Structure formats: C-alpha cells, structure tokens
Amino acid sequence: PVWLRRLCGQLLSERLLRPNGVQAVVRGIMEGTGGGAGAEAAAVDWRKCDAVAKILASCPQQCLSLEDYCQLVCPQILDLLHIQDKLTARQFQRVATTTLLTMAREHPQLAEQHLLQPLLAPLLRCSEA
C-alpha cells in the first residue's frame with residue numbers, strides 16, 4: 001500500500017541522515033549476499049549493489065536541499081571505501097563506486113565537490129609537492 005511505502009521511505013531517509021546511517025542501511029540491505037557461488041549469486045549481488053546505490057544517490061523528500069543531503073551522506077559514502085572485512089569491503093566498494101557514478105551523472109557539480117574532490121585530495125597534495 002501507498003501509506004506503507006511512504007512510511008518505509010521516511011524511515012529509510014531518517015536513518016540515512018544519521019551518523020553511520022549509510023553503513024547501517026547498506027549492511028541491512030546487503031545482508032545475506034555475497035556468500036553464494038556462481039554467476040547467479042554474483043548477478044544478485046550486483047543488482048542489490050545497484051539498487052542501494054540508486055537509493056543513496058536520491059535525495060529524500062524530507063531533506064531541505066540536495067546540498068544538505070550531500071553534506072551529510074557523501075562523507076559516509078566515502079567511508080564505505082575503508083571497510084576492513086574483505087567480503088563486506090567488496091560489496092561496500094561496489095555500492096560506493098556505483099553511487100559515485102550515479103551522482104556524477106545526475107548532479108556533477110555536487111558529486112565533484114562532495115565526493116571526487118575529497119577522494120582525490122591526497123593525490124592532488126602529492127602532485128603539488
């Protein structure tokens with residue numbers, strides 16, 4: 001029903017905007033994937049990663065602006081690249097890179113400011129020295 005979909009979207013959005021909310025949402029959705037073998041399991045894994053990336057790249061209605069959303073969520077997306085557990089890291093890196101690509105296509109200036117510049121800052125510092 002529409003009311004349930006709206007409520008779930010609202011709860012998901014509220015969780016994303018909290019500290020470590022992105023990681024909690026990604027863990028919740030990705031739980032149980034990646035353990036299977038073969039092409040079918042890999043395809044399910046990729047589809048889930050793409051679905052999570054689309055969720056992360058979309059600004060919720062509860063947010064005042066896309067800029068505010070990016071300020072809260074983009075650092076958390078970059079944090080997904082630093083997960084230590086190898087199996088989890090692979091999935092989180094897929095989600096992070098797919099989210100980055102989606103945001104770069106849909107909102108290039110905000111993606112550059114909040115994702116690409118922080119990601120490339122160490123490289124730029126090294127090249128300037």
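Of the 129 residues of the protein, 32% count as buried. Buried means under 20% relative accessible area, exposed means over 50%, and partly exposed lies in between (1.4 Å probe, protein chains only). This is a predicted model, in which local features need pLDDT of at least 70, side-chain atom pairs count only at pLDDT 80 or more, and totals for chains, interfaces and linings use all residues. Residues are numbered from 1 along each chain as its sequence is written, and side-chain values use heavy atoms, with hydrogens and water left out.

**Confidence.** The pLDDT is the predictor's confidence in each residue, from 0 to 100. The protein averages 86, and 89% of the residues score at least 70. Among the elements, H4 has the highest mean pLDDT (93) and H3 the lowest (77).

**Fold.** The protein has 6 helices and 0 strands. Helices (H or I, at least four residues) and strands (E, at least two) are DSSP runs, numbered from the N terminus. Along the sequence, the pattern reads α-α-α-α-α-α. Take the contacts with a separation of 6 or more: residues 24 or more positions apart account for 64% of them. Contact means heavy atoms within 4.5 Å.

**Core.** The largest nonpolar core has 27 residues. Such a core is a set of buried Ala, Val, Leu, Ile, Met, Phe, Trp, Tyr and Cys residues joined through side-chain atoms within 4.5 Å. Val22, Val26, Leu56, Ile77 and Met103 have the most contacts inside it.

Which residues does Leu56 touch, leaving aside its neighbours within four places in sequence? Leu56 is in contact with Leu16, Val22, Val26, Tyr69, Val73, Ile77, Val95 and Thr99.

**Surface.** The accessible surface of the protein comes to about 8,100 Å², and 58% of it belongs to carbon and sulfur atoms. Accessible areas come from the Shrake-Rupley method with a 1.4 Å probe; for residues, only the protein chains shown count as cover. Helix H1 spans residues 2-16 and holds Leu4. Leu4 is partly exposed, at a relative accessible area of 36%.

**A loop residue.** Asn20 lies in the loop between H1 and H2. Asn20 is exposed, at 54% relative accessibility. Its phi is positive, about 60°, although Asn20 is not a glycine. Most residues other than glycine have a negative phi.
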